[in-house]
Amino acid sequence: MKIVALMGSPRKGANTEALVQEAVRGAEEKGAHVKQYHLNEMQIKGCQSCFGCKRQENCVVRDEAAAILEDIKDAKAVIFGTPVYMWQMTGQLKLLVDRLFSFMNADYSSKLTLGKKVLWAVTQGQPDKGAFMPYFENAGKMLQMVGFGEYKIVAAGRCGMPGDVEKQKETLEEARALGRWLAE
């Protein structure tokens, strides 16, 4: 079973990656193979609104997103890891999320095998872990419109400095349990 983990943070090895890695550990405990991508290190263009994906099977933009999109198509689940920037996901992740439009047919039906689970792993400086939940609930519903299945969200607050998430054992345990859920 294959799971794709997307790291949308520009900081490698910081809070978002630590939270995602707990989910990855949980998935691997259940036998999943997890392919991870650090989006900040990749050359990814935004959707060009060319509608080439409606005339062909895949997105026609040839950049490093093409391999990620193929892996997502073959995966059972996807982890979207992001810190909160300006009340939402990072630009690095949003570029790829917009490219998920290629998974929709011209009639807005999905090209995906239905039922792919989604985990949003979110870190934020804001202490209130629910502060940005409406945004990520909306993002989860958007993914369902594209053809993804059930989604869950794990959020870690008070993550202003690298290493802050490591102090949140309960949140890390939740991420690990959700990783196991992804692999079920």
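A word on origin: what you see is a predicted model.

I'll start with the sheet. There are five strands in an open sheet, and reading across, the order is S2-S1-S3-S4-S5, with parallel pairing. At the edges sit strand S2, residues 33–38, and strand S5, residues 151–156, and each of these pairs on one side only. On average, neighbouring strands of the sheet are turned by 15° against each other, with direction ignored.

Strand S1, residues 2–7, and strand S3, residues 77–83, run parallel and are joined by five bridges. For a place to look on screen, take Leu6, which stands opposite Phe80 in S3.

Next, the helices. Helix H1, residues 15–29, packs on the sheet and touches S1, S2, S3, S4 and S5. The direction of H1 makes about 150° with that of S4. Helix H3, residues 65–74, also packs on the sheet, with contacts to S1, S2 and S3. For H3 the angle is given against S1, and it is about 140°.

Last, the loop residue. Gln124 lies in the loop between strand S4, residues 117–123, and helix H5, residues 133–146. Is Gln124 buried or exposed? Its relative accessibility is 3%, and the cut-off for buried is under 20%, so Gln124 counts as buried. What does Gln124 touch, leaving out residues up to four places away in sequence? The contacts are Val84, Lys129, Ala131, Phe132, Ala156, Gly157, Arg158 and Cys159.

That is the end of the talk.

Terms used. Residues are numbered from 1 along each chain as its sequence is written. This is a predicted model: local features need pLDDT of at least 70, side-chain atom pairs count only at pLDDT 80 or more; totals for chains, interfaces and linings use all residues. Side-chain values use heavy atoms; hydrogens and water are left out. Helices (H or I, at least four residues) and strands (E, at least two) are DSSP runs, numbered from the N terminus. Buried means under 20% relative accessible area, exposed over 50%, partly exposed in between (1.4 Å probe, protein chains only). Contact means heavy atoms within 4.5 Å. Two strands pair if DSSP finds at least two bridges between them. Axes are lines fitted to C-alpha atoms, for helices over the stretch in contact, and angles run from 0 to 180 degrees between N-to-C directions.
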